[in-house]
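Here are my notes for your first look at this model. Keep the structure open and check each point as you read.

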Amino acid sequence: MSEQPATPSLEEAVPDCPRCQKPQPLCICDSVRPVESRTKLLILQHPQEQDRGLGTARLAAQHFKDAVVRVGLSWPGLTKALGRPVADPARWAILYLGSAKASDLDPEAEVIALTRKGEAAESQRAVLKSIEGVILLDGTWSQAKALWWRNPWMLKCQRVILGPRQPSRYGQLRREPRRDALSTIEAAGMLLGALERRPDIVETLNASFERMLARYREVEQSHPELTPRPKPRKNQDRRRPKRSF
């Protein structure tokens with residue numbers, strides 16, 4: 001007797017959305033509202049970032065006309081990563097992964113520009129006003145650090161850190177290694193909103209994130225096989241030698 005073909009699992013049978021790349025039941029792309037922004041957005045995603053259900057990089061990018069998401073480990077420079085010429089990488093800000101905390105430097109600030117020594121830069125307003133684009137590293141804490149180490153051109157960019165007043169909206173769905181760690185979409189909203197003094201950017205991206213989380217919880221109840229809980233996102237770099245960022 002010929003063997004019967006295996007019945008595909010629900011996870012295999014459900015198609016993915018081509019825009020957010022989530023299983024269709026988790027997709028909220030139709031509700032995304034575009035946002036006008038003068039600040040460009042580049043998201044570099046580690047290729048091993050596998051959290052499709054709770055990941056937010058592509059959802060964040062959909063809000064901005066010229067946003068770019070690149071998946072990989074290294075690029076020769078910012079121009080190659082972005083896919084278009086960049087006159088001055090120093091006018092692009094990268095969300096810094098070092099130990100500096102906004103609460104220690106200026107508890108009232110939402111965004112702080114740093115020097116290479118991890119100190120608050122002088123003339124904060126002028127530095128932040130000059131920023132033309134922002135770079136976010138998407139992945140676990142260790143994956144994001146790997147992206148930093150593999151792309152030395154990032155040293156030319158302006159380092160910034162965020163001072164969130166509240167922890168990430170992920171809550172118990174995904175625990176982060178640091179209290180000030182945010183999802184990519186929360187970080188994008190907070191950073192661009194602060195740079196442009198546009199609370200509507202923050203509100204729009206946070207609202208999309210809330211809808212995504214609500215949809216995830218609904219699907220988790222009806223089809224848990226589509227919403228496997230990710231492992232805790234621990235800092236896995238304890239055995240790495242110390243290295244300056």
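1. Start with Phe 209. This residue is buried, because its relative accessible area is 0% and the cut-off for buried is under 20%. Keep in mind that the model is a predicted one.

2. Now look at the partner ring. The ring centres of Tyr 170 and Phe 209 are 5.1 Å apart, and their planes stand at 90°, so this pair is edge-to-face. The angle decides the label, because planes over 60 degrees apart count as edge-to-face. Tyr 170 is also counted as buried, at 0% relative accessibility.

3. Where do Tyr 170 and Phe 209 sit in the chain? Tyr 170 is in the loop between strand 6 and helix 7, while Phe 209 belongs to helix 8 (residues 199-222).

4. Trp 148 leads us to helix 6. Why is this helix described as largely enclosed by the rest of the structure? Because 9 of its 10 residues are buried. Among them are Trp 141, Lys 145, Leu 147, Trp 148 and Trp 149. The buried residues of helix 6 pack against strand 1 (40-45), strand 3, strand 5 (133-138) and strand 6.

5. Move on to Trp 153, in the loop between helix 6 (141-150) and strand 6 (158-162). Trp 153 is buried, with a relative accessible area of 8%. Beyond residues up to four places away in sequence, Trp 153 touches Leu 44, Trp 75, Pro 76, Gly 77, Leu 78, Ala 81 and Ile 135. One of these, Trp 75, has its backbone oxygen 2.9 Å from a polar atom of the Trp 153 side chain. Compare sequence and space too: Trp 153 and Pro 89 are 64 residues apart in sequence, yet 8.5 Å apart in space, C-alpha to C-alpha.

6. Next, Ser 37. Find this residue in the loop between helix 1 (10-13) and strand 1. The Ser 37 side chain makes a polar contact of 2.6 Å with the side chain of Glu 196. A polar atom of the Ser 37 side chain also lies 3.2 Å from the backbone oxygen of Thr 39. Setting aside neighbours within four places in sequence, Ser 37 is in contact with Phe 64, Leu 192, Glu 196 and Arg 198.

7. Finish with the second largest pocket. About 380 Å³ of space lies in it. Which residues of its lining lie nearest the centre? They are Arg 125, Leu 128, Ala 194, Leu 195 and Arg 197, out of 13 lining residues. Helix 5 (124-129) and helix 7 (184-196) are the elements that each give two or more residues to this lining. By class, the lining has 5 nonpolar, 2 polar and 6 charged residues.

Methods
Residues numbered from 1 in each chain as written. Predicted model: local features only at pLDDT ≥ 70, side-chain atom pairs only at ≥ 80, totals over all residues. Heavy atoms only, no water. Helix = DSSP H or I, 4+ residues; strand = E, 2+ residues; numbered from the N terminus. Buried < 20%, exposed > 50% of the residue type's maximum accessible area, 1.4 Å probe, protein only. Contact = heavy atoms within 4.5 Å. Polar contact = N/O pair within 3.5 Å; in protein donor to acceptor, adjacent residues only side chain to side chain. 1 Å grid on protein atoms, 1.4 Å probe; cavity = no way out; pocket = protein on both sides within 12 Å on 5 of 7 lines; lining within 4 Å. Points joined across faces, edges and corners; volume = space filled by probe spheres on them. Nonpolar A, V, L, I, M, F, W, Y, C, P; charged D, E, K, R; others polar. Phe/Tyr/Trp six-rings, centres within 6.5 Å; stacked < 30°, edge-to-face > 60°.
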